[in-house]
Amino acid sequence: TNINEYSYTQKDEKILREIEAKNAQNKFFLATATNWNFDKTKAAYNFLTNGIGTCNNLEILKNMAYKMYETNPDYLKDFAIDFLQKADFNIEDYQISQIDVPGEFLTAIPEFITKTLPDKPKAYQVLFKHKNSDNYLSMIFAFIPFLADSLKNKKVLIIDELDKSLHPFLVQYIVEIFNDAEINKNGSQLIFNTHDTNLLDLNILRRDQIWFTEKNSETGESDLYSLSDFSVRKQENVEK
């Protein structure tokens, strides 16, 4: 198949052939057509560029998350407090602030990195208010803005190894949020991989939502197949 060969409906062919002629071979055609104001490609292009969020490493994404808290969109704080309370963290409020990066930390960083930093680099600090005391929390707080953004703005959220940094209870709670039509009113989608077999429960996920990968040790290729390919009854213990 030649990826640079296109076919169009008769109605749109004239204008799309003109756009095709302007499209470079290494350029995404949807982008070119949208940039030339072809209305029918805008929805698909906007989804692919703005409608998909990925979380590969929450440690790396912490600063991005804290910036989202700092801009403080109206929906985020209420969502975050509600999430933390339902996840049984017993938190009433939080506060985000910026602090100077300690000098002893900077001296431990290689010079080729410190050269790229501003004169007085800043770091984010988050303070949590519990019902009985103040304390600090980290990983789940960094994840919440991406979760809230996906649910609010009808995005697909893709997470690598969702169970890697979160407690199994939190992983299940996040999955349940996306399956709850009262919370996920926009039909946002969560796609993740995991080694946590506790989620293989038909009370948590539907059969068509559970997919397996199996690697061929000889070719290195992986097959992807759905649980719905098998005759599994609702009451069966899928994990077992």
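I worked from a predicted model, in which local features need pLDDT of at least 70, side-chain atom pairs count only at pLDDT 80 or more, and totals for chains, interfaces and linings use all residues. Residues are numbered from 1 along each chain as its sequence is written, and side-chain values use heavy atoms, with hydrogens and water left out.

Entry 1, the helix pair. I looked up α8 (residues 139-153) and α9 (residues 168-179), whose axes come within 12 Å and cross at roughly 10°. Axes are lines fitted to C-alpha atoms, for helices over the stretch in contact, with angles from 0 to 180 degrees between N-to-C directions. Helices are DSSP runs (H or I, at least four residues) and strands likewise (E, at least two), numbered from the N terminus. The crossing makes α8 roughly parallel to α9 (angles under 35 degrees). In contact (heavy atoms within 4.5 Å) are Ile 140, Phe 143, Leu 147, Ser 150 and Leu 151 of α8 with Leu 170, Ile 174, Ile 177 and Phe 178 of α9.

I list Leu 170, Val 171, Tyr 173, Ile 174, Val 175, Ile 177 and Phe 178 as buried (under 20% relative accessible area, 1.4 Å probe, protein chains only). Their cover includes α5 (74-86), α8, β5 (156-159) and β6 (189-192).

A nonpolar core is a set of buried Ala, Val, Leu, Ile, Met, Phe, Trp, Tyr and Cys residues joined through side-chain atoms within 4.5 Å. I find 45 residues in the largest one, where Phe 83, Ile 144 and Leu 147 have the most contacts. α8 gives the most to this core, with 10 residues.

Conventions: Parallel < 35°, antiparallel > 145°, perpendicular 65-115°, else oblique. Buried < 20%, exposed > 50% of the residue type's maximum accessible area, 1.4 Å probe, protein only.
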